[in-house]
Amino acid sequence: MCGRYTIVVSIEELMLRYLSDLPTNRYHTPRYNVAPMQQVLAVVNDGEKNRLGELRWGLVPSWATDDKIGSKMINARAETLLEKPSFRGLVQRKRALVPADGFYEWKQAGGGKQPMRITMKDGGIFSMAALYDTWVAPDGRKISTCTIITTTPNELMADIHDRMPVIVRPEDEAYWLDRGNTDAAGLTSLLRPYDAAAMRAYPVSKVVGNVKNDTPECIEEQATLF
């Protein structure tokens, strides 16, 4: 599962990275402890250019009877996307990227769990594959939500957890975002573990366990707790 991540770069850096215009709603960075059911920054393509905007993390399919289902759909397994009614249609028409510069996972260690932060070795921005949808509430409100796709772990992650977010290679991002692309086989072929040699993991403070903590302390490297 991917349940927490970080995005501590500036909005200007994100605009440059994704060649996007400034979001309509001002999005605030840095964020040191992004959690499910919060508004997250995502990249979609409108057919002409990339756009940065906010989606609520936790997918509510358009056919859902209420939005409570979102808390149970923060992740989608890459291996079964085309088998699930909630995700199958979205693979072909509603794909997004969620920018991050790190994600957290908890490693079983001795008598407890050690929180770890996983990043690129160069500390740069990476793109997590996502799907999105828009749900219309009974009162007419539109709620746009997303789910982050996960896959099997690479060699680095295998020692930490049995899942990891799908990280789309920079050279594949345009293919993933292309609204005219409906090649489900080609799209799902991108959903594989990222190169472990390009990544690193390090222990962080247990303060990340509380979603209320959103400070630089969350990403500071620590001695192992267990």
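Met-37 counts as partly exposed, at 34% relative accessibility, where buried means under 20% relative accessible area, exposed over 50%, and partly exposed in between, with a 1.4 Å probe and protein chains only. Met-37 is found in the loop between β2 and β3 (39-45), and although it is not a glycine, its phi is positive, at about 75 degrees. Helices (H or I, at least four residues) and strands (E, at least two) are DSSP runs, numbered from the N terminus. Most residues other than glycine have a negative phi.

Leu-19, also not a glycine, has a positive phi near 50 degrees; Leu-19 sits in the loop between α1 (11-18) and β2 (31-34), and counts as exposed at 68% relative accessibility.

## Basis of the model

This is a predicted model, in which local features need pLDDT of at least 70 and side-chain atom pairs count only at pLDDT 80 or more, while totals for chains, interfaces and linings use all residues. Residues are numbered from 1 along each chain as its sequence is written, and side-chain values use heavy atoms, with hydrogens and water left out.

## Nonpolar cores

A nonpolar core is a set of buried Ala, Val, Leu, Ile, Met, Phe, Trp, Tyr and Cys residues joined through side-chain atoms within 4.5 Å. The largest one holds 56 residues, of which Tyr-5, Leu-14, Ile-149 and Trp-176 touch the most other members. Strand β9 (residues 126-136) gives this core its largest share, six residues. Another core, of seven residues, lies apart from it and includes Tyr-32 and Cys-218.

## Cysteines

Zero disulfides are found in the whole structure, a disulfide being a pair of cysteine sulfur atoms within 2.5 Å. The sulfur of Cys-218 is too far for a bond, because the closest cysteine sulfur, in Cys-2, is 15 Å away.
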